[in-house]
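This report is meant for someone meeting the structure for the first time. Please look over the sequence and the model below before reading on.

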Amino acid sequence: PKLAIAAARKWNHEGLFCNALVPSLQTALASGAVTAGARGELAAQITVLRAFDAVSIERTGVAGAAVPLIEVLTQLLPPGADVDLKQVVPLDLHDAQVACAQFVSIDYRIHRATLAELARLHCGVVFRDMEFGVDFAVPILKGELGLLLFQVKNYQERITKGTLAEYCEKMLPSKAFGSERKFPMETLKQMDMKCVQVLMQTGGGNGSASVYIPRNSARACGMLFLDGIRSRCLTGKSCDVVNSVVSAPLTVDQFVQQEDTHRSLSSSPPRYEYLGEVRKALPMIARKSVEDLTVNELQHLCRKHGLKRSSSVHADLVDAVSNCAAAVDDFRGPEYQFSKHYRVANLTATDTASAGL
């Protein structure tokens, strides 16, 4: 994604990031429509992107390149943290590569084709609301079906060993992605052994990192727990600015008061300096294939168009819908097509030239 790679130059300009990007984001969130939990996920995604940027820029001079998995995890740790990351990463993934220049939002359960496409485009994936066990993930570029999995919890109360064990279990691919039968369970069990789990607590915590290793687990590694966002990839003021997304959001009343004050001091409309330089989220329509629909969605199309179905197996339902022209036309309508979100920016000619555009 060349636009996202070029936009990363803006994200890694400390002044623009702290003085323009996050303040503009706060203004956009001022309606109160975004919950504290969703704010926490947003702050976590920003932090993870900065971690990938830090390693990629150090190694290649630009963001978006494939980089060592363990180096990305190191950038997520607080400065001075004494954590053995080899306890978190399965042995055969110690030399694995990962790449994430942007996150793509999907509204369906992942399957093999989705993972392959995300890996090819150097993208991470943000799952639909209330996805069981996992909030977002990045494909691991070694072998098949490896995943770097993230779960985000907004600070409410101290997380205990008991809750760590619960999160660790829920984040396993066999638990998180098993209900829609997009993967054979045997494949999901293999993915359990080729995943890396990261639990991030936002909006509080003491900025520490630890490894939780569950008892009686078939996996020979544990889960990385980050208690608060104090990652070394967020240098200087940027760490406090990212935490402000969760801990000090601008309320509706504060926003209205701020705008009224601005208007009383100036007869011209509000101007947001650097607003055009901010790495933005641009919604783009993502056309899904029939295979991306869930079992329930496929059954709904079958009932709607009077299609006979002998089973509730996903592959059989896909065949039934694909062979009905009316059902395929219905699927191509707005009810079944969803948006992907890409991080891009209003780019100058210099930016686009540096990205090879």
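Predicted model: local features only at pLDDT ≥ 70, side-chain atom pairs only at ≥ 80, totals over all residues.

Residues are numbered from 1 along each chain as its sequence is written, and side-chain values use heavy atoms, with hydrogens and water left out.

**Two packed helices**

Helix α11 (residues 295-304) and helix α12 (residues 314-322) pack with their axes 10 Å apart and at an angle of about 35 degrees. Here helices, at least four residues of H or I, and strands, at least two of E, are DSSP runs numbered from the N terminus, and axes are lines fitted to C-alpha atoms over the stretch in contact, with angles running from 0 to 180 degrees between N-to-C directions. From α11, the residues V295, L298, Q299, L301 and C302 make the contact, and from α12 they are H314, L317, V318, A320 and V321, where contact means heavy atoms within 4.5 Å.

In α12, the residues H314, L317, V318, A320 and V321 are buried, a term for under 20% relative accessible area, as against over 50% for exposed and in between for partly exposed (1.4 Å probe, protein chains only). These residues lie on the same side of α12, because they cover an arc of only 165 degrees around the axis, the arc being that of the directions from the helix axis to the C-beta atoms. The buried residues of α12 pack against α13 as well as α11.

**The cysteines**

How many disulfides does a search of the whole structure find? The search finds zero, a disulfide being a pair of cysteine sulfur atoms within 2.5 Å.

**Two single residues**

D330 lies in helix α13 (residues 325-331) and is buried, with a relative accessible area of 17%. The C-alpha atoms of D330 and K304 are separated by 9.8 Å, although the two residues are 26 residues apart along the chain.

H122 is placed in the loop between α5 (112-120) and β4 (123-126), and its phi is near 55 degrees, a positive value in a residue other than glycine. At 24% relative accessibility, H122 counts as partly exposed.
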